[in-house]
Amino acid sequence: MNKKSTYILLFFLFFPFLLKAQLSQFKDSIIQISGITMTADSLRAVPAVSILVRGQHRGTISNSQGVFSIVAFKGDTLTFSAVGFKRKDFKIPMTLPGNNYSMIQLLVDDTTYLPVTIIKPYPTKEEFEKAFVSSDIPDDEYELARKNTEEARMRALSRYIPPDAREATNMYMNKQAQSLYYAGQQAPQNILNPLAWAQFIQAWKRGDFKSKNNNNYSYGY
């Protein structure tokens with residue numbers, strides 16, 4: 001029992017020193033990398049360079065002068081990538097002294113070769129005129145929006161598209177409010193309402209009660 005108590009006492013005596021050593025080691029492993037991204041041929045600043053810590057969801061972007069700053073651990077790998085430049089990796093050495101490090105990262109231009117495009121003329125002027133007249137030009141966004149908001153189209157869609165949750169709730173609430181408004185009395189009949197008759201005549205003149213084939217309507221996507 002005395003031996004066990006001695007081990008426990010020694011543990012509590014040396015535990016603060018062990019904890020301090022671990023915290024010191026963790027603190028020494030953190031490093032702040034500051035630098036600038038430049039072109040390798042003309043030493044021009046490269047803005048909007050993405051700097052990511054490999055294997056982690058952390059990173060930063062260089063500003064308009066190419067300056068960046070990021071906190072990482074010694075031994076991590078930084079990946080530099082930008083549009084028009086080759087990707088570059090930089091492994092932070094474990095032997096770097098201190099917790100700050102300044103660097104200049106040079107990026108090399110990445111040349112992209114596009115496939116060859118050969119433009120051939122039409123054999124004759126008549127064939128060109130025929131192809132130009134018969135070409136099908138797709139509608140732009142403005143024309144699609146105009147077709148989708150036509151009065152006849154909206155009327156046809158409102159007849160066959162069921163109401164959504166918000167519309168159904170509003171209809172139910174209005175119906176409940178109307179039933180409570182006429183509670184204990186006879187609700188008015190629209191058969192004697194001149195406004196309802198006027199709306200019916202206008203709908204009849206528009207042809208709302210005719211059977212139409214609405215399959216020709218498209219969403220224009």
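Where is Arg44 found? Arg44 sits in the loop between S1 and S2, where strands (E, at least two residues) and helices (H or I, at least four) are DSSP runs numbered from the N terminus. This is a predicted model, in which local features need pLDDT of at least 70 and side-chain atom pairs count only at pLDDT 80 or more, while totals for chains, interfaces and linings use all residues. Residues are numbered from 1 along each chain as its sequence is written, and side-chain values use heavy atoms, with hydrogens and water left out.

Arg44 counts as partly exposed, at 49% relative accessibility; buried means under 20% relative accessible area, exposed over 50%, and partly exposed in between (1.4 Å probe, protein chains only). Its side chain makes a polar contact of 3.0 Å with the side chain of Ser42. A polar contact is a pair of N or O atoms within 3.5 Å; within protein, one must be able to donate a hydrogen and the other to accept it, and residues adjacent in sequence count only if both atoms are side-chain atoms. Leaving aside neighbours within four places in sequence, Arg44 is in contact (heavy atoms within 4.5 Å) with Thr37, Met38 and Thr39.

Most residues other than glycine have a negative phi. Leu43, in the loop between S1 and S2, has a positive phi although it is not a glycine. Ala48 lies in that loop as well, and its phi is also positive. The table sets out the two residues.

| Residue | Phi | Relative accessibility |
|---|---|---|
| Leu43 | about 55 degrees | 53%, exposed |
| Ala48 | near 55 degrees | 54%, exposed |

**The nonpolar core**

In soluble globular proteins, nonpolar side chains tend to be buried together. A nonpolar core is a set of buried Ala, Val, Leu, Ile, Met, Phe, Trp, Tyr and Cys residues joined through side-chain atoms within 4.5 Å. The largest one here has 18 residues, of which Ile33, Val49, Ile51, Leu78, Phe80 and Ile92 touch the most other members. At least two residues of this core come from each of S1 (30–39), S2 (50–53), S4 (67–73), S5 (77–81) and S7 (100–107). S4 gives the most, with three residues. Beyond neighbours within four places in sequence, the contacts of Val49 are Thr37, Thr60, Ile61, Ser62, Phe80, Ser81, Ala82 and Leu107.

**S5 and S6**

S5 and S6 (residues 88–91) pair in the antiparallel sense over four bridges; two strands pair if DSSP finds at least two bridges between them. Phe80, one of the core residues named above, stands opposite Lys88 in S6. The two strands form a hairpin with six residues between them, and Gly84 in the turn has a positive phi of about 90 degrees.

Thr79 lies in S5 and is buried, with a relative accessible area of 11%. The side chains of Thr79 and Asp89 are joined by a polar contact of 3.1 Å. Leaving aside neighbours within four places, residues in contact with Thr79 include Ser50, Ile51, Leu52 and Lys88.

**Helix H6**

The 13 residues of H6 (residues 194–206) should span 18 Å at 1.5 Å a residue, and the end C-alpha atoms are 18 Å apart, which agrees. The expected span is 1.5 Å times one less than the number of residues. Gly207 follows H6 and has a positive phi, near 85 degrees.
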